[in-house]
Amino acid sequence: MVQGSATNQDSQESWWWEAERNRSSRLDYLRKAVWSKGTTGGAYQPGVVAGLDRSYWYTKSHLKTQGKPEAERRALGLKEVLENMPIFIVDESQIVGYHAARPNELTWYTEFAYSLNEQIYHDPRQTVPEEEKHWVTPMVEYWRDKCVQVQVERYLTEEEVACIQQGPAMGWQPADSTSSSVVDYDYVFENGIETIIQKIAQKLDEAEVLLGSGPGTPDTLHLIEKVDQWRSMKIAAEAVITWANRYGRLAKIIAENFETDTKRKAELMKISEICAKVPARPVENLHEAVQCEHFVHVAGKWIDRPHAGWSQRTDQIYWPYYRRDVLEEKTMTRDEAVELMGENNLRIYEITAIFPWIAGVAFQGAPLTLPTLTLGGVDANGKDACNDLTEAILEACRLVRVGEPSYMFRYHPQARVSTLRACYETVRQGLGYPSFQHEGVSMDTLMSNYGATLEEARSYANVVCMSPGVVKGRGGQGIKYSGYIWGIMPMILALNDGFEPSVYGLQMGPHTGDPAECQAFEEFFDCWRQQFRHAYALATRVRTKARYVEARVWQNVFCSCLFERCVESGIDMVDARSQPLSNAWITLPMFADTVDCMYAIKKMIYDDKKYTMAELKEALAANWFGYAEMRQDFINVPKFGNDDEEADKVAAMCYQAVAEECGRNKEADGGKWMTLPENASAYAMGAMMPATPNGRRQGDLLYDGGISPGAGFDKKGPTAVLRSVSRIDHRQLKQCLLNQRLSPSQLAGEKGFQLWMNYMKTWYDLNIAHVQFNMVDNETLRAAQVEPEKYQELIVRVAGYSAHFVELNALTQEGIIERTIQEI
Amino acid sequence: MAEKEVPKTCGYCSNFVQLLSELEGICKAIPSEKPGARGKKVRFDMDGSECPKYNALTEVRRYDVSQQAGWGAGGFYQMRSADVFATKDEEKRVDRLVYQKHAEEEPKEKKKEES
């Protein structure tokens, strides 16, 4: 352990001070040197600004390369950036690589969306300094009619454009500029980029021989396209090696000209050697593996184009190197490995793009890109994959204590107890992660809905915060599939004949008639279902159109080199033709309130007939003001999460309906669209939504998960929550986010661990897909509100991510405090 | 200006290089000669002529805000490539991008004591 360990501390306030005392001096320095990119009420931390260099160099290249094939323009743009953008090395660091010129910068991708550009350009946070605007202005203007958004909008109807331009509506949103992919790092580590370049060069040689001397055939057409792609991939891959070498050069310059400390000089020379070697050549030890992964991830998924998530099975991809270095050859101590994994967390924590104000409001306290790394699970043979590195990573998390990256643990009954104890201790010390996914349900979902084989399903890692994606075999997701539907919106539309009355003032859904004319609950349910049918069709259709355009003008040429099938086929990873196994889903934030709304309508209007639909609409239009007694009646209707069979039955109907409606749609590659109820992306946005039939007023938060009971409504204990949640068929959903708060005092010590183990066994036996915990008491949270300066290190689980509590706005803080603390 | 330790290779292309004596002219313009001072320019050359593969005039700057409160309390070295300084306007642009205050590096022992 690094200068002591992240020990069990019963006093919550001491966890972070204890971590600070116990982490190495290097980790402590790096922890303080890292910049938080989370937002408070939409505002970035002081000193965080837009990074302009990537756009500057990319745009400069774009101007020079007119007339060349689009894939090649992408590659040449990447090359220009990688060869020219300033690079830096932070003192004490062992891992290098960033997507902007300074560590306080958030990269801006001006080629993506004009609407996003305008929001950032006019950002009230002044992330673009006034004195820069004389040259930023023409750059923004340049992309106004060339960006990806414009090209997608050529294929959209007016209705689709209107929904998108309203921002948090439905479908493909310009504000959501990230892709998300799953790379098989074993392929990269074992080959190195130089070998991949050689393979590409061989493909090019073969193709050019055919094109230059063979007969004209139907394949000639396709071959021309492939040659363009291979050329582009080769340019991009060579540029990434140059970029890595630049870091090696800088490390050497610092060592030879600036650094006076002998030990640090030696470290810098080692960094220089590593950067000269990886990612060009195969990796041979843990340090090289971590550096190689960081280079290819940052270059391919942040500089080439941005990707949310940080999809990988961290304790599996690094395990062969850790085992050899730490356990067998002992060339690295376990302390040094923990330190390296801790720094890896910090390097991931600092990376994100700049997003508009409204996205910052939605993702309170988070760096917005939801990097989630996967731990645990089973190996290719179905045996427990937990290892000493899994526990070292969790120890590193407890030592550096940052909100992101988050970790997800693939829970199964054979997981070794020492690893489960490490998970428990990490959650108990207030980090809110790892979250837990049910190994059996998650794998069944991938097999039964997407056609993954058992071996493929066993290789899965989370793509972003919640969604599993296959890594091996036909897996390796190349592009973001997902779109969004604000889950409460169809309820609001069903109550208003498809019209959204208070936020957007738009006819956003089909005319399903005045709900007052529905004579039976089933009729109203069908109206709501039709709204969902329309929304899913819109979201999946628009996403597919965007995918067509992205494959032609927003290729991911370097990342394509990391996929063996793209190297073989000469087809870009974002092209549907390169994806043999689908992984499409529509994220469904803000849905969980729906089930209580639906049951309240059924009981109050159709079963008990105490109120009419017209009266409900009046009360909602008045935001429940002037309807106190009626509101209380609607609040008092039994709520989901209390093991109430009737309420749970309606909930199961709702989840089944959304799964079926989403499943009506097919992806471009022929795969099935699934839906994923969660709230990772929009917890705080819920306050914007109009009043709802569960008694919630506009301005109040919505429920906090994809299947979490309403805060404070789950009154019958944790088992009742689990029984209610288990009445939903989780295999029909992509995943489903369940937040729970547990009592930190009850779960202290060995007895607490055994209680938690019993809880997890019940959770697993009930086939519930997901659960995650907060274990911070209200006294601590209240104290942090009063004296935030003393609680800078306090972390809580917000939705699909964790965040520093004091960086959340007051509304979100209250929402977390209001969640029921369960005694188990 | 005394330059005792110099880079031996060009990081771009691994060609052996030597620091040119003409570099002194550049270095004199730099406000401080202390190790860690900002704006130290290093020119790479091979056998007396510019590296043939890259226009490898570069600048390494030192930023140190390790004493600031809150996030980002650390120091780092930043390297820019020659192209950034193609014109005077460009140089001004980049200079304005310098974030926050940057102090000269303090002795590391002192920093450790204070922390």
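The axis of a helix is taken here as a line fitted to its C-alpha atoms over the stretch in contact, and angles between axes run from 0 to 180 degrees between N-to-C directions. In this predicted model, helix 4 of chain A, which spans residues 70–84, packs against helix 10 of chain A, residues 218–258, at an angle of about 5° and with the two axes 8 Å apart. Because angles under 35 degrees count as roughly parallel, helix 4 of chain A and helix 10 of chain A are described as roughly parallel to each other. Among the residues that form this contact are A:Ala71, A:Leu78 and A:Leu82 on the side of helix 4 of chain A, and A:Ile235, A:Val240 and A:Trp243 on the side of helix 10 of chain A. By class, the contact of these two helices comprises 10 nonpolar, three polar and six charged residues.

Helix 4 of chain A also packs with helix 12 of chain A, residues 286–304, at an angle of about 115°, the axes being 11 Å apart, and these two helices are therefore roughly perpendicular to each other. Their crossing is right-handed. In this contact, A:Leu78, A:Val81 and A:Leu82 of helix 4 of chain A meet A:Ala299, A:Ile303 and A:Asp304 of helix 12 of chain A, and the residues involved divide into five nonpolar, no polar and one charged.

Chain B contains three helices and five strands, which follow the pattern α-β-β-β-β-β-α-α when read along the sequence. Of the 115 residues in chain B, 26% are buried. Among the contacts in chain B with a separation of 6 or more, 47% are between residues 24 or more positions apart.

Definitions and conventions: Residues are numbered from 1 along each chain as its sequence is written. Chains are lettered from A and ligands numbered from 1 in the order in which they are written. This is a predicted model: local features need pLDDT of at least 70, side-chain atom pairs count only at pLDDT 80 or more; totals for chains, interfaces and linings use all residues. Helices (H or I, at least four residues) and strands (E, at least two) are DSSP runs, numbered from the N terminus. Angles under 35 degrees count as roughly parallel, over 145 as roughly antiparallel, 65 to 115 as roughly perpendicular and the rest as oblique. Two residues are in contact if their C-beta atoms, placed from the backbone, lie within 7 Å. Ala, Val, Leu, Ile, Met, Phe, Trp, Tyr, Cys and Pro count as nonpolar, Asp, Glu, Lys and Arg as charged, and the others, Gly among them, as polar. A crossing is left-handed if the near helix is turned anticlockwise from the far one by less than a right angle, and right-handed if clockwise. A residue is buried if 20 or more other C-beta atoms lie within 10 Å of its own, exposed if 12 or fewer, and partly exposed in between; C-beta atoms are placed from the backbone.
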